[in-house]
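Here are my notes on this model, as numbered points.

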Amino acid sequence: MNDYPPIADHGIVGDLQTAALIAADGTVDWWCTPRFDSPSVFASLLDSDRGGFCRLAADVGPEATVRQLYLPDTAVLITRFMAPGGVGEVVDFMPPDPSPTPSARHRLIRAARVVRGSLPFELLCRPRFDYGRAAHGLTRLDDGSVLFRGPGTDLHLQATAPIALHPDGTDVSARFTLHAGQRAAVVLTGESGEPGTLSGRPGGPAPTAEKITAELEACTKFWLGWLRSCRYRGRWHEMVTRSAITLKLLTYAPTGATIAAATMGLPEQIGGERNWDYRYTWVRDASLSVRALIDLGFVTEANAFRRWLRDRLDAGGTASGEPLQIMYRVDGEPHLTEEVLEHLEGYRQSAPVRAGNAAADQIQLDIYGEAAYALAQAVDTGAIRGWRAFAGVVDWLAENWDRPDEGIWETRGGRQNFTYSRLMTWVAFDRAIRLATAHSRPADIARWQAERDTVFRQIVDRGWSEKRSAFVQHYDTDVLDASLLLMPKVGFLSPKDPEWLSTLDAMDGELVSDSLVYRYDPAASPDGLRGSEGTFNLCTFLYVEALARAGRLDQARYAFDKMLTYANHVGLFAEEIGPSGEQLGNFPQAFTHLALIDAALALDEELDRAEGRTY
């Protein structure tokens with residue numbers, strides 16, 4: 001086992017309520033159950049000794065060639081082992097559970113097969129419950145399966161012939177050989193609940209080769225069927241559809257809430273302290289995904305998130321004390337207490353490892369704009385109660401928008417009058433006015449128009465730097481900020497406005513490195529944290545879109561195609577790209593994949609227009 005594989009050396013599988021990462025050597029080194037934000041069962045990605053893992057791989061030594069791929073247009077992950085003695089595969093998948101009801105039981109199926117010659121395989125299953133903090137017991141059941149019992153969570157390990165499970169203390173191992181045409185499988189079933197209420201046999205009847213094959217076929221059929229709704233017919237079909245599947249995998253089906261990433265604690269700088277928990281729903285990230293989903297044809301998913309968002313507006317009771325807070329748990333719970341898991345060394349000694357996120361109580365006024373941006377895409381405004389809640393929030397914003405906040409990047413260096421925050425409050429008023437007018441809803445439109453225009457004038461007067469000939473990060477600095485690449489996208493100004501083109505040129509000179517884009521310069525604008533970070537993938541794709549809309553098509557296409565070379569072997573992106581082209585940060589990142597979709601759509605549209613194509 002590679003103690004710490006590169007962050008990029010992973011694929012993801014999931015069942016729409018939780019997800020697991022599988023490294024390219026066949027190791028499950030991250031899985032939380034029963035929800036994305038539950039404590040981990042496997043977390044060797046954050047501590048190779050204490051975190052726990054499950055490895056199923058051909059035991060053929062370093063002479064083997066290993067490749068990983070997805071079954072096309074699905075979330076079925078295949079890890080191939082090619083050795084002189086044979087060629088084999090491990091197929092990983094989780095049966096999808098699109099039910100609106102949260103489930104306490106989740107299954108990860110790992111099927112091995114040999115297609116040529118013969119190969120020996122090894123299974124090592126070493127769960128570590130509650131982020132590796134809790135001891136567990138092991139029980140060998142009469143049918144040869146094994147039950148790992150942790151606090152409030154059972155993990156049932158079942159296997160088909162010829163796999164014989166051998167307990168080793170509180171862990172399990174197995175060795176077996178498959179010949180061409182033979183198959184075997186292990187099934188990991190997690191069941192969570194109050195102590196004393198668990199079944200003791202969460203996996204049910206023993207699996208058989210026939211049942212596993214049927215479940216694999218059903219899983220494949222689900223993903224192929226889901227993807228039929230996709231309207232994309234552009235130049236980058238494979239990358240766009242993989243991004244769509246990734247966004248779906250990061251969506252919690254019972255509520256429709258999309259999490260920012262499947263992981264926590266993966267560093268923005270190896271050995272640094274910028275290690276956050278991203279397994280929650282950011283209003284900003286999820287709201288911006290709505291437009292991408294609608295443009296691709298996934299209206300059901302977009303509407304589900306809008307319902308979740310309307311419920312948040314109606315519920316109130318935020319940890320921040322504001323009408324809306326920047327992030328929530330997938331069920332809408334607003335309290336995300338942050339703790340440091342001091343017993344975990346962190347990915348490649350990148351500590352501290354944090355669970356929970358203290359940024360939940362930050363004030364980030366831009367989220368009201370992103371919420372309005374998402375709701376404005378709806379065909380209707382929903383129930384009367386929902387409109388009243390939304391209008392009440394806009395009325396509140398009219399009284400409260402003109403104040404410093406922590407900004408989009410959640411800096412911990414003090415509040416500022418961030419230009420992006422003002423930009424999105426302009427969006428909030430603008431989209432609220434459009435909604436009220438389009439649907440004849442009661443609203444103080446005159447007040448909203450006055451505030452919208454005041455925000456506009458303030459941004460133009462105070463967010464513009466004559467020295468830089470550009471819009472800047474906040475009113476008391478000349479530092480540039482890539483978040484402002486959204487200015488033309490949200491309609492604040494034209495993508496060919498002279499002031500915008502001047503801003504784009506300034507960013508190109510300071511924030512862009514070989515087509516990759518930094519968020520901002522931390523040295524010029526201290527953010528309260530030590531260390532540095534890589535280029536930000538979201539910003540790179542926003543840059544591509546801005547170039548395309550500005551008519552700089554050759555530059556946009558070159559930047560986009562170069563950016564795609566940084567995707568991992570199965571088309572996934574983390575949050576950032578490091579100095580040597582390595583992926584950094586939590587993985588896979590929803591923000592990156594939704595921005596990839598937007599950039600591809602914009603570039604396709606502008607290229608088609610330039611080529612005189614019509615459809």
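1. This is a predicted model. The lining of the second largest cavity divides into eight nonpolar, two polar and two charged residues.

2. The residues concerned are Val91, Ala111, Ala112, Arg113, Thr160, Arg183, Ala184, Ala185, Ala209, Ile212, Thr213 and Leu216. Two or more lining residues come from each of S9, S15 and helix H2 (209-227). H2 gives the largest share, four residues.

3. The volume of this second largest cavity is about 120 Å³. Over the whole structure, the search returns 10 cavities of 30 Å³ or more.

4. Val91 has Ala111 as its bridge partner in S9, and Ala111 is in turn bridged to Ala185 in S15. Val91, Ala111 and Ala185 are among the residues that line the second largest cavity.

5. Strand S8 (residues 86-93) is joined to S9 by eight bridges, and S9 is joined to strand S15 (residues 183-192) by nine.

6. Strand S5 (residues 53-58) runs antiparallel to S9 (residues 105-126), with six bridges between them. Strand S14 (residues 171-179) is also antiparallel to S9, over eight bridges.

7. Which residue of S9 is the bridge partner of Ala58? The partner is Phe121, and Phe121 also stands opposite Phe176 in S14.

Key. Residues are numbered from 1 along each chain as its sequence is written. This is a predicted model: local features need pLDDT of at least 70, side-chain atom pairs count only at pLDDT 80 or more; totals for chains, interfaces and linings use all residues. Side-chain values use heavy atoms; hydrogens and water are left out. Two strands pair if DSSP finds at least two bridges between them. On a 1 Å grid over the protein atoms alone, a cavity is a set of points where a 1.4 Å probe fits but cannot get out, and a pocket is an open set with protein on both sides within 12 Å along at least five of seven lines; lining residues have an atom within 4 Å of a point. Grid points are joined across faces, edges and corners, and a volume is the space filled by probe spheres set on the points. Ala, Val, Leu, Ile, Met, Phe, Trp, Tyr, Cys and Pro count as nonpolar, Asp, Glu, Lys and Arg as charged, and the others, Gly among them, as polar.
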